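Hi there,

Here is the structure I promised to hand over. Please open it next to this email, and my notes follow below.

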Amino acid sequence: METLVKFAKQRKGVVAALVVVAIFALMYVTDAKQLAPMFSNVGTGALIAAIALGVVLTFRGSGVVNFANGVVTIFVAYWFYGLRFEGKLYIPPLPNPLALIEIVVNAFNGSAKNLDLPNWPTVIDLPGDRLTLPAALAAAMVISILLGLFLHFVIFRPLRNAPVLAKVVTSVGLFVVLQEFVRLRFGETVKTGIQLPLPKGKVKLPGDLGAIPNNQLFLVAIVVAVAIALWAVFKYTRFGLATRAAAENEKGAIVLGFSPDFLAGSNWVISTVIAGMLGVLASPITNLDTITMPLLIVPALGAALLASFSSFGITVFAGIGIAMVQAWIQYQGAQTWFPRGVLPAPGLVQALPFIIIVIAMFVRGKSLPVRGAVTLGRMPFAVRPRKVLPLTILGSAATLVLLFGFNYDWRQSTINTLVAIVISLSLVVLVGFVGQISLAQMAIAGTAGFFLSKYFSDLPFPVGPVIGALVAAVFGSLIAIPALRVRGVNLAVITLSAAVAIEQLVFKNKTFAGESGALKVPPPKIGGKDFGPNNTNLKVFGLKAKDDIPPNVWFGVVCLIIVVIMCLMVVNVRRSATGRQFLAVRSNERAAAATGINVASAKVLAFGLSAFIAGMGGALSGYRFGSVTPQYFGAFASLTFLAFAYLGGIASVSGAVVAGIIAPNGLNFNFLENILHIDPAYATLIGGIGLIVTAVRNPEGIAGTPRLLAIQKAERKARKEALAKQQEELNREIEGAT
Amino acid sequence: MRNRKISFVAGLAIAGLLVGACSEDSSTTTNAPAASEAPATDAPSGTDAPVATDAPAESPISAENQAHAVEYTGGTSGAATGTDPYVVGYVNQEGGTPGFPEASIGVDAAVWYINNFLGGIGGRPIELAKCVITKEEDGQKCAQEMLANDKVSVVLAGAMLNGNQPLLDGLAGKKPVFISNPLTTPEFLATDAYAFTPGAPGVVGGLTVFIAKFLGELEGKDIKKVAVVYGDNPSGQVAFNMLTKPVFESLGVEVTGVAAADTAGATEMASLIQAAGAQDADVFYPLVTVGSCIAVYDALKTLEIETTVVTTGLCFGVPMQTHLKELGIDAKLPDGWYFGGYGYSYEIAGNPDIDAYIEAVFAYAATEGMDAETLEYTGFGGPTFGTLMTIAQFANAGAADSEGFRTAAKAFTGPGWGVVGPQKCGGNPTFPSLCGFQIGVQQQQGADYVSIMDGFNGKPVDAQAELG
């Protein structure tokens with residue numbers, strides 16, 4: 001027995017392989033047909049593995065977990081598609097100086113036709129019909145390399161000493177920017193029927209095992225070959241050894257004469273080339289779209305985590321394995337015994353990576369790598385709120401003017417802004433005050449909306465939404481449990497996968513959310529009166545909106561009251577001892593614990609409070625649309641909200657207010673669209689770019705800019721005075737000498 | 001100082017990009033697929049009228065088809081001569097996945113046709129106040145825009161899977177919505193909306209009845225087991241869970257369903273098809289949109305599953321035909337597949353409504369410089385064209401305001417343009433918005449597309465009647 005245990009410890013790989021073979025044998029004996037779907041999904045597994053390999057590479061090379069690596073696949077593949085199948089080179093959105101003239105003219109143009117001056121082309125027709133396959137592949141390779149260089153030198157190199165939060169939000173910003181670029185240039189319609197000369201036919205497996213298509217085997221072979229090559233490079237070459245050394249100890253690598261910068265850049269390029277080229281080769285069997293493929297990052301992160309962000313072999317094995325298990329779940333989900341009503345099979349398939357990630361985190365929690373760096377920058381400054389009363393009165397008065405004095409589109413965008421402020425406030429508490437990165441905030445908000453609709457809509461306002469928000473707080477506290485063991489980027493990974501799991505298992509659960517995909521939210525009633533957004537006839541104190549078009553202005557007033565309450569609550573938290581404890585935990589958990597702060601309870605409290613606030617936002621959102629849908633509270637929405645919250649200012653209430661103003665469909669969008677006549681389709685792209693620039697240049701966000709400028713001014717003044725003083729002393733010495 | 005410079009340059013770049021955004025799509029090159037494909041998530045509603053002056057000197061429309069269309073709409077032969085536009089609201093989901101741009105091709109062709117050849121509405125050219133939906137919350141925005149436009153009395157909906165609830169809630173009791181292709185529960189249950197096509201309940205329910213009751217005899221086998229792959233979207237969920245599974249089970253047919261993402265490729269589809277048990281089923285019944293349908297076809301070929309395939313007209317579109325052509329297959333549609341639709345087919349001549357539509361849409365496409373080879377005129381294009389023709393009929397008959405359109409819809413007994421069977425709005429208490437229920441089924445047999453049970457042979461399938 002002892003010998004067996006010793007052998008198992010020494011030969012973990014062999015044991016794992018034996019276990020897998022045993023499981024397969026058992027499955028074959030019980031129902032061989034269940035294996036057939038697994039074998040026909042290995043192509044998806046190859047793509048997941050390729051994305052995961054890129055994640056591992058960038059982490060080992062630069063300490064960045066690239067959440068955008070799934071988008072890199074489509075970014076390159078779409079460009080390839082344009083060159084190869086359309087004969088077109090798509091141009092990224094470029095700044096157009098003439099548009100400044102258009103804006104000024106169109107702003108004063110009234111209802112007249114907008115001025116439309118020449119602009120950069122969106123696309124260039126290539127000479128001839130289209131590029132040949134080798135030429136298009138070479139172009140895709142060049143694009144992949146340039147993208148890798150750009151990501152390193154322009155975006156992540158300046159962040160090498162930044163806190164984990166900045167790297168994560170930058171990665172999220174990159175996700176948004178690349179996805180928006182593809183969406184704007186290539187459209188959101190799925191590209192199907194792509195033809196590439198991949199091997200045809202299939203390998204027929206014995207019995208009921210089905211078959212593996214050769215094109216999928218080809219992809220698996222490529223990924224395996226890449227993994228072996230990477231293993232060899234990292235084991236036997238100076239470059240690989242240096243990267244491993246830098247990953248362990250960056251300072252040590254510098255002392256030994258290696259350039260972490262060069263190593264990081266090279267790994268970025270290899271990462272984008274692997275993801276991009278596999279994206280191209282997989283496009284005939286996976287189709288090309290802007291939604292599914294970017295989200296393959298979630299199972300890819302699961303695979304990378306199982307490999308401890310280190311082993312290429314385990315990464316590939318896990319990536320393909322996850323896809324095979326997903327297909328197996330799909331098969332079981334179709335069987336009569338499966339409790340479809342309680343567990344939607346498609347949801348379980350999407351939630352599988354979350355389950356794997358949670359298990360990996362719990363089993364290996366503290367052993368997960370946190371890559372070393374030379375120094376780490378500080379988190380955004382959480383300014384102590386001042387002049388709260390005057391600012392509250394001023395802000396509320398301005399909101400009332402917008403609600404009562406302007407027409408329906410301003411009213412709607414004001415309400416959208418108010419809802420976005422509430423959700424951004426929840427991020428301020430969690431991310432800004434406690435430093436816990438949550439990529440699931442919209443999913444948490446959604447739980448309140450769905451529970452409100454399903455169970456509490458008959459309760460009087462505001463009891464219903466408050467109970468809904470309390471349910472969200474329970475969900476938030478559940479997410480806090482893993483947060484007690486993991487932090488930083490690992491927490492970001494777990495919350496992203498949790499967002500997908502909540503969306504798939506709760507919001508798309510037909511037992512809970514019904515067959516139609518949307519749950520109705522009846523309007524809020526106060527004193528028996530309908531305060532819902534569609535009741536434009538409602539008069540309170542004889543007052544109503546300027547016009548009879550929804551939304552009802554009094555619904556906006558209800559939203560304003562909730563926003564004010566939430567803002568004051570967060571202000572008080574920041575000023576209280578609890579707030580100081582939060583900030584202490586954010587700065588250094590060990591130091592906080594040493595001063596007697598219960599770090600675990602502080603984290604649970606922060607998650608719960610943040611989720612409660614997000615839940616209020618989710619409930620308001622449900623009232624706003626009259627329904628709640630999985631799409632609105634999906635994983636992408638969480639990423640977008642974090643982007644705008646960080647851009648506004650993640651560590652202050654004023655930052656949340658700015659975030660609400662610039663959030664999608666908020667006041668800023670309405671201003672851009674209706675006053676400046678700027679296509680709002682570009683707003684998310686601009687928001688993503690703004691997020692990256694903010695993370696790199698100004699972590700305080702827009703709200704913190706005046707403070708940052710004041711500090712810089714003071715520093716300049718101090719430097720100037722010091723120089724003047726130095727000069728004066730020098731002059732005096734010279735005078736003395738003469 | 002360097003930092004400030006970088007910040008300034010970065011800020012300038014963002015500002016430039018921001019300002020650059022405003023005109024990029026509206027100008028530039030002649031080939032701008034982004035302009036047509038780019039999502040108009042928050043596109044402002046505008047008016048869009050292919051005007052009478054675009055009419056070519058030599059008519060691309062046959063006198064016979066024109067006379068038929070004039071008779072249907074109650075208009076007059078020739079171009080609309082008035083200058084005061086007759087504004088109809090139009091909402092459609094496009095620019096994303098799922099998206100139905102073919103519905104907009106159909107409605108634009110109808111506007112062009114009515115304005116240039118059918119005398120407009122009492123001589124006034126039709127203009128569309130368009131609003132595009134890509135996500136749930138756009139429905140509310142579109143409702144607001146339609147309510148804010150005093151010239152809009154009636155709203156035409158193309159095809160939508162998202163945003164239906166807020167759109168219909170916002171317009172209920174204020175402006176009636178004429179739904180070209182009812183696909184989701186809020187549309188079926190709406191009380192101030194009218195659909196002259198059977199939509200998903202008719203087609204999916206009808207095909208289910210067709211499989212359970214008639215297909216066995218046609219194929220010479222007992223239909224005991226059906227495998228279904230359905231779209232993981234509101235319409236797909238309703239189609240399987242409410243319109244397929246209970247009906248099959250009530251008719252004694254075993255059914256296994258698996259949901260598929262709208263973006264699923266051949267790899268994912270292969271495992272889903274096997275999970276549904278298509279290899280052992282008597283019938284495989286994919287309820288997916290055209291993109292997924294191509295993946296279904298590829299996966300079935302790879303897995304060499306040769307069971308009987310029955311599907312909806314969504315698998316019928318030009319993208320499928322293009323795909324088969326690229327694979328070197330000498331047939332427009334997969335051999336042996338059955339397709340269910342609103343009673344007639346784009347591929348079989350003989351129905352004057354469909355014949356006139358096809359002539360009109362290609363003529364319109366020619367004036368717009370669209371590529372006839374890849375013109376997506378199938379799918380939801382024809383029904384959306386037809387619903388605007390019916391709106392024109394009501395308007396020409398005197399419907400002048402929202403109430404007038406409601407009254408006309410309730411009194412309408414058919415025939416509807418391009419659809420089979422009688423019309424009776426509110427005739428089905430379960431689905432109050434639906435006015436017609438009969439469908440047609442055709443089959444690809446070798447190189448030919450033939451009528452099986454439809455309006456052409458006078459044997460349409462009526463799920464409502466069959467199921468009592």
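Into which domains is chain A divided? Chain A splits into domain 1 (33-93 + 124-367) and domain 2 (388-634), with the bounds coming from an automatic or database domain assignment.

Before going further, a word on conventions. This is a predicted model, in which local features need pLDDT of at least 70 and side-chain atom pairs count only at pLDDT 80 or more, while totals for chains, interfaces and linings use all residues. Residues are numbered from 1 along each chain as its sequence is written, and chains are lettered from A and ligands numbered from 1 in the order in which they are written.

**Chain A: the two domains**

The C-alpha centres of domain 1 and domain 2 of chain A are 34 Å apart. Across the boundary, 24 residues of domain 1 of chain A are in contact with 23 residues of domain 2 of chain A; two residues are in contact if their C-beta atoms, placed from the backbone, lie within 7 Å. On the side of domain 1 of chain A that touches domain 2 of chain A, helix H8 (164-186), helix H13 (297-306) and helix H15 (345-364) each supply at least two residues. H15(A) gives the most to that side, with 11 residues. By class, the residues on that side of domain 1 of chain A are 18 nonpolar, five polar and one charged. Here Ala, Val, Leu, Ile, Met, Phe, Trp, Tyr, Cys and Pro count as nonpolar, Asp, Glu, Lys and Arg as charged, and the others, Gly among them, as polar. Helices (H or I, at least four residues) and strands (E, at least two) are DSSP runs, numbered from the N terminus.

**Chain A: helices**

Helix H4 (residues 42-62) of chain A has 21 residues and reaches 30 Å from its first C-alpha to its last. That is close to the 30 Å expected at 1.5 Å a residue, where the expected span is 1.5 Å times one less than the number of residues. H4(A) is mostly covered, with 21 of its 21 residues buried. A residue is buried if 20 or more other C-beta atoms lie within 10 Å of its own, exposed if 12 or fewer, and partly exposed in between, with C-beta atoms placed from the backbone. After H4(A) comes Gly63(A), with a positive phi near 80°.

The helix pair H9 (residues 214-236) and H12 (residues 260-286) of chain A is also worth a look: their axes come within 10 Å and cross at roughly 170°. Axes are lines fitted to C-alpha atoms, for helices over the stretch in contact, and angles run from 0 to 180 degrees between N-to-C directions. H9(A) and H12(A) are therefore roughly antiparallel to each other; angles under 35 degrees count as roughly parallel, over 145 as roughly antiparallel, 65 to 115 as roughly perpendicular and the rest as oblique. Among the residues that meet are Leu219(A), Ile222(A) and Val223(A) in H9(A), and Ile274(A), Leu278(A) and Leu281(A) in H12(A). This contact has 10 nonpolar, two polar and no charged residues.

**Chain A: the loop between E7 and H22**

Pro551(A) sits in the loop between strand E7 (529-530) and helix H22 (553-575), and the peptide bond from Pro550(A) to Pro551(A) is cis, with omega near 10°. Phe541(A) lies in the loop between E7 and H22 of chain A. Phi of Phe541(A) is positive, near 55°, in a residue other than glycine. Phe541(A) counts as exposed because it has 6 C-beta neighbours inside 10 Å.

**Chain B**

Chain B has 16 helices and 14 strands, and buried residues make up 64% of its 468 residues. Its division is into domain 1 (35-198 + 349-436) and domain 2 (200-341 + 439-467), with C-alpha centres 27 Å apart. Here 22 residues of domain 1 of chain B are in contact with 27 residues of domain 2 of chain B, and the domain 1 side divides into 10 nonpolar, 11 polar and one charged.

Two local features to check in chain B: a cis peptide bond joins Gly414(B) and Pro415(B), with omega about 0°, and Glu304(B) has a positive phi of about 55° although it is not a glycine. Glu304(B) is in the loop between helix H11 (290-303) and strand E10 (308-312), and is exposed, with 10 other C-beta atoms within 10 Å.

Best wishes
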